[in-house]
Amino acid sequence: MANPLHEQLAERILIDLRVEGLEAGHHLTEAKLEKLLSTSRSPIRAALALLAERGIVEQIANKGFFVKNLQAAPDSQSSGEDRIYLAIADDRLTGKLPQDVTESELSRRYDMPRNAIHRILTRIAREGWIEPREGRGYRFAPLIDSMSAYRENYQLRRMLEPQGLLCETFRIDADMLARLRRQQEIVRDGGWQSLGQIELFETNSQFHEGLAVLSGNRFLPQIIARQNQLRRLVEYRQTLNREQVRQQNEEHLAILDALETNEISRAADLLAAHLENAMVRKARPAIFDGVTI
């Protein structure tokens with residue numbers, strides 16, 4: 001049986017491979033994955049070995065791991081674990097799950113083996129919306145659970161994120177901008193139609209957290225990452241509007257265009273408008289129907 005942590009890291013690596021649109025033969029460096037996953041190389045190697053067993057990557061002696069065949073992976077959100085993950089998210093947001101739960105309770109509720117439930121809960125814990133209780137079970141963290149809270153989340157981000165671009169410590173990082181552009185171009189070139197809800201959320205989160213890193217303020221990336229964690233369940237609950245994704249992607253690319261031509265003030269204005277537009281597009285009462293947390 002695979003270690004739950006290794007399973008979780010393998011899933012996180014797979015999501016990154018998809019949103020990066022990496023082609024067969026691309027070298028997966030442990031240094032980059034170590035930075036991405038905030039963990040040591042030993043569990044990363046174990047996660048890559050799992051992906052190699054499944055034919056998604058291949059290990060070449062004395063050279064490392066390389067992308068082999070992303071088509072060998074299940075389609076986004078098609079696996080049983082992804083479906084249960086999303087069901088837990090929706091059931092928690094609508095109050096069908098209490099604040100405190102155990103693996104055995106969830107195993108019975110979702111008719112899934114306990115080891116699979118453990119992997120899902122490990123994944124949720126790494127995302128920050130559940131934590132192990134001392135002694136027994138898990139406790140869900142506070143979430144955005146009302147229209148006013150959802151709007152306030154966007155208002156806070158609108159106050160902070162554009163100002164991050166205007167900080168005196170802001171610096172252009174060509175590698176970071178190239179990575180963000182590559183992800184957004186994957187969305188533009190068909191990903192807005194083919195990527196799943198989880199992958200699109202990750203791409204969006206990485207875009208905003210990447211801009212926060214460029215601010216040079218050590219606290220801003222943490223704040224934006226936390227705000228993304230808080231809104232994760234609400235975003236998952238929305239019906240995926242592909243046209244809305246396309247519009248959002250166009251706005252992201254316009255922000256990157258401005259940054260790459262050193263039009264920082266314009267980029268900040270575009271980012272503020274983007275967050276305002278996103279709030280108007282997404283903060284609709286219907287997404288909180290049935291929410292009783």
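## A side chain turned back within α6

The side chain of Thr122 reaches the backbone oxygen of His118 at 2.8 Å. Thr122 is found in helix α6, and with a relative accessibility of 17% the residue counts as buried, because the cut-off for that class is under 20%. The structure described here is a predicted model, and the values in this report should be read with that in mind.

## Packing of α7 against α10

Helix α7, which covers residues 147–165, packs with helix α10, residues 220–237, at an angle of about 150°, and the two axes lie 11 Å apart. That angle makes α7 roughly antiparallel to α10, since angles over 145 degrees are classed in this way. The crossing of the two helices, α7 and α10, is left-handed.

On the α7 side, the residues that meet α10 are Tyr150, Asn153, Tyr154, Leu156, Arg157, Leu160, Glu161 and Gly164. Their counterparts in α10 are Leu220, Ile223, Ile224, Gln227, Asn228, Arg231, Val234 and Glu235. Sorted by class, the contact of α7 with α10 has 8 nonpolar, 4 polar and 4 charged residues.

## Arg157, a buried arginine in α7

Arg157 is found in helix α7 and is among the residues of that helix that meet α10. With 1% relative accessibility, Arg157 counts as buried, and its side chain makes a polar contact with the side chain of His208 at 3.4 Å.

When residues up to four places away in sequence are not counted, Arg157 touches Pro162, His208, Gln227, Asn228, Arg231 and Leu275.

## Leu165 at the end of α7

Leu165 also lies in helix α7, whose range in the chain is given as residues 147–165. At 2% relative accessibility, Leu165 counts as buried. Leaving aside neighbours within four places in sequence, Leu165 is in contact with Phe170, Leu211, Leu259, Ile264, Ala267, Ala268 and Leu271.

The C-alpha atoms of Leu165 and Val213 are separated by 9.6 Å, although the two residues stand 48 residues apart along the chain.

Val19 has its place in helix α1, which covers residues 4–20, and with a relative accessible area of 0% Val19 is buried. Apart from neighbours within four places in sequence, Val19 is in contact with Gln183, Ile186, Glu199, Thr203 and Gln206. The C-alpha atoms of Val19 and Leu195 are separated by 8.1 Å, and these two residues are 176 residues apart along the chain.

## Packing of α2 against α3

Helix α2 (residues 30–37) and helix α3 (residues 41–53) pack at an angle of about 105°, with their axes 10 Å apart. This makes α2 roughly perpendicular to α3, because angles from 65 to 115 degrees fall in that class. From α2, the contact involves Glu30, Ala31, Leu33, Glu34 and Leu37, and from α3 it involves Arg41, Ile44, Arg45 and Leu48. The residues of the contact of α2 with α3 divide into 5 nonpolar, no polar and 4 charged.

Glu53 also has its place in helix α3, and with a relative accessible area of 66% Glu53 is exposed. Glu53 and His274 are 221 residues apart in sequence, and their C-alpha atoms are 42 Å apart in space.

## Two loop residues with positive phi

Most residues other than glycine have a negative phi. Asp111, by contrast, has a phi near 50°, a positive value in a residue other than glycine. Asp111 is found in the loop between α5 (103–110) and α6 (114–127), and with a relative accessible area of 71% Asp111 is exposed.

A positive phi is also found for Asn262, a residue other than glycine, with a value near 65°. Asn262 has its place in the loop between α11 (242–260) and α12 (264–282), and the relative accessible area of 57% makes Asn262 exposed, as the class requires a value over 50%.

Conventions: Residues are numbered from 1 along each chain as its sequence is written. This is a predicted model: local features need pLDDT of at least 70, side-chain atom pairs count only at pLDDT 80 or more; totals for chains, interfaces and linings use all residues. Side-chain values use heavy atoms; hydrogens and water are left out. Axes are lines fitted to C-alpha atoms, for helices over the stretch in contact, and angles run from 0 to 180 degrees between N-to-C directions. Helices (H or I, at least four residues) and strands (E, at least two) are DSSP runs, numbered from the N terminus. Angles under 35 degrees count as roughly parallel, over 145 as roughly antiparallel, 65 to 115 as roughly perpendicular and the rest as oblique. A crossing is left-handed if the near helix is turned anticlockwise from the far one by less than a right angle, and right-handed if clockwise. Contact means heavy atoms within 4.5 Å. Ala, Val, Leu, Ile, Met, Phe, Trp, Tyr, Cys and Pro count as nonpolar, Asp, Glu, Lys and Arg as charged, and the others, Gly among them, as polar. Buried means under 20% relative accessible area, exposed over 50%, partly exposed in between (1.4 Å probe, protein chains only). A polar contact is a pair of N or O atoms within 3.5 Å; within protein, one must be able to donate a hydrogen and the other to accept it, and residues adjacent in sequence count only if both atoms are side-chain atoms.
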